[in-house]
Amino acid sequence: MQRRNFFKSIAATGLGAALSPVIKSAPVYTADSVKPKTNIAEAMAVPRTTLSMPGKYPGRVVKVNNANAVVDGKPSEEAAYEMLKRCMLELTGEHDLSKAWLQFVGPDDVIGIKVNPVAGKLLTTSHAVTRSIVKQLEEAGIHRSNMMIWDRREMQLHETGYTEDNYPGIKIKGTECQDAQGGFINKEGKFYSEDRIDKKCYFFADVEGEYDAYTMPYMVNGGKNSYFTKICTEDVTKIINVPVLKNAGSAVTLCLKNLAFGAITNTGRLHQQLWHETCAYACAFSPLRDKVVLNIVDGLIGCFDGGPSANPQFMCNYNTLLVGSDPVAVDRIGHDIVIAKRIEEGIQVKDKPEAIRFMHLAEELKLGIADRNNISLTEFNV
């Protein structure tokens with residue numbers, strides 16, 4: 001079978017099956033393990049900006065709960081809008097919602113809304129939350145032509161309803177992509193995705209990425225470099241990060257993980273030895289560190305086990321939103337929610353300190369606050 005047709009046949013079998021080799025949970029951390037070398041020092045040498053993580057409100061998180069956030073198994077857009085409004089006003093101290101949003105973005109920005117559709121329709125970033133963000137941005141004077149909904153895999157975006165038909169006027173884009181016939185390879189024998197990565201900006205780790213033909217379209221490249229998507233380096237000026245409230249083993253896959261593994265290629269090699277490091281280190285590179293201005297965790301529906309995939313028996317209605325400019329602080333609060341649910345359900349007996357190692361690494365890189373004692377949480381029930 002020719003290489004191009006082989007990848008078309010993969011597409012025909014369905015994306016969910018094709019992704020199974022590359023969706024992984026956080027590995028068990030061992031303190032005495034020798035870590036491969038990386039180029040994190042190069043990232044840290046780039047001067048910070050006034051927008052750099054942890055943003056305008058370090059260590060500050062707003063949590064809003066609404067018992068009616070999910071109706072008949074479906075997230076309520078009306079509830080999501082009001083919950084998000086309350087979060088934004090409380091976070092910023094503004095009385096006017098548009099002014100609250102304009103603390104983070106302006107009409108000249110190109111805003112990338114980073115969703116997470118990796119678990120499919122069952123556990124994607126909900127359209128109720130995404131549409132609420134879009135609506136409030138529009139009310140603040142941001143035109144739809146200056147918005148992009150993005151993630152690593154364009155195919156997953158489309159499968160979970162993130163299409164230009166459902167979001168008219170907003171560009172929907174992923175790094176890994178196919179042609180109209182479902183092929184991954186262009187006439188020159190290259191992945192279409194190669195035109196969407198920035199080979200001048202990469203996370204190096206001394207671990208070789210080696211993949212079979214089945215997995216390669218979802219990695220884009222092998223080797224020791226993970227290239228950043230041009231979505232982050234070129235297309236957008238600001239990023240709003242919208243992960244789902246879910247677990248990855250005894251850890252969580254929220255703000256940092258959604259950004260780090262969603263913005264670079266060749267990630268399969270990073271799970272076993274460098275999961276925690278990658279979650280922190282990739283976010284320290286300028287395309288993420290200096291552009292992510294807001295984190296909105298969609299906790300209307302989430303999961304407490306089986307993540308980052310979706311297993312219906314472990315899904316639940318958390319009925320909550322978490323909002324903050326500080327991705328580390330937001331992750332820390334989200335971790336507490338998920339672990340409390342795991343303990344309640346008998347999945348684990350107690351919290352595991354090693355599960356938040358990536359948050360402490362991120363704090364060392366000055367990306368935010370991991371120490372719970374230094375985080376200000378404001379919580380409301382509406």
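Reader: Which residues of helix 9 are buried?

Author: In this predicted model, the buried residues of helix 9 are Cys 255, Leu 256, Lys 257, Asn 258, Leu 259, Ala 260, Phe 261, Gly 262 and Ala 263. A residue is called buried when its relative accessible area is under 20%.

Reader: In which sense do strand 5 and strand 6 pair?

Author: Strand 5 (residues 147-153) pairs with strand 6 in the parallel sense, over five bridges. Met 148 has Lys 171 of strand 6 as its bridge partner, and Ile 149 stands opposite Ile 172 in strand 6. The chain passes from strand 5 through helix 7 to strand 6, a β-α-β crossover that is right-handed.

Reader: How many bridges join strand 4 to strand 5?

Author: Four bridges join strand 4 to strand 5, and the two run parallel. Ile 113 stands opposite Ile 149 of strand 5. Strand 4, helix 6 (residues 127-139) and strand 5 form a right-handed β-α-β unit. Strand 5 is mostly covered, with seven of its seven residues buried.

Reader: Where does strand 12 pair in the parallel sense, and where in the antiparallel sense?

Author: Strand 12 runs parallel to strand 9, to which three bridges join it. With strand 15, strand 12 pairs in the antiparallel sense over five bridges; Gly 299 has Thr 320 of strand 15 as its bridge partner. Strand 12 is also mostly covered, as eight of its eight residues are buried.

Reader: How is a nonpolar core read, and which residues of the largest one touch the most other members?

Author: In soluble globular proteins, nonpolar side chains tend to be buried together. The largest nonpolar core has 61 residues, of which Phe 203, Phe 228, Ile 239, Cys 283, Leu 288, Phe 358 and Leu 367 touch the most other members. A second, separate core of 50 residues includes Leu 137, Ile 142, Tyr 167 and Val 323.

Reader: What is Ile 239 in contact with, leaving aside its neighbours within four places in sequence?

Author: With those neighbours left aside, the contacts of Ile 239 include Gly 112, Lys 114, Trp 150, Leu 259, Leu 288 and Val 292. Leu 259 is one of the buried residues of helix 9.

Reader: Is Thr 160 buried or exposed?

Author: Thr 160 counts as buried, because its relative accessibility is 7% and the limit for buried is under 20%. Thr 160 is found in the loop between helix 7 (154-159) and strand 6. A polar atom of its side chain lies 3.2 Å from the backbone oxygen of Leu 157. Leaving aside neighbours within four places in sequence, Thr 160 is in contact with Pro 117, Gly 120, Lys 121, Thr 124 and His 127.

Reader: What does Glu 379 touch, not counting residues up to four places away in sequence?

Author: On that count, Glu 379 touches Lys 63 and Asn 65. Its side chain makes a polar contact of 2.9 Å with the side chain of Lys 63, and a polar contact of 2.8 Å joins the side chains of Glu 379 and Asn 65. Glu 379 lies in strand 16 and is partly exposed, with a relative accessible area of 44%. Glu 379 and Leu 89 are 290 residues apart in sequence and 13 Å apart in space, C-alpha to C-alpha.

Note on methods: Residues are numbered from 1 along each chain as its sequence is written. This is a predicted model: local features need pLDDT of at least 70, side-chain atom pairs count only at pLDDT 80 or more; totals for chains, interfaces and linings use all residues. Side-chain values use heavy atoms; hydrogens and water are left out. Two strands pair if DSSP finds at least two bridges between them. Buried means under 20% relative accessible area, exposed over 50%, partly exposed in between (1.4 Å probe, protein chains only). A polar contact is a pair of N or O atoms within 3.5 Å; within protein, one must be able to donate a hydrogen and the other to accept it, and residues adjacent in sequence count only if both atoms are side-chain atoms. Contact means heavy atoms within 4.5 Å. A nonpolar core is a set of buried Ala, Val, Leu, Ile, Met, Phe, Trp, Tyr and Cys residues joined through side-chain atoms within 4.5 Å. A crossover is right-handed if, with the strands pointing away from the viewer, the path from the first strand over the helix to the second runs clockwise.
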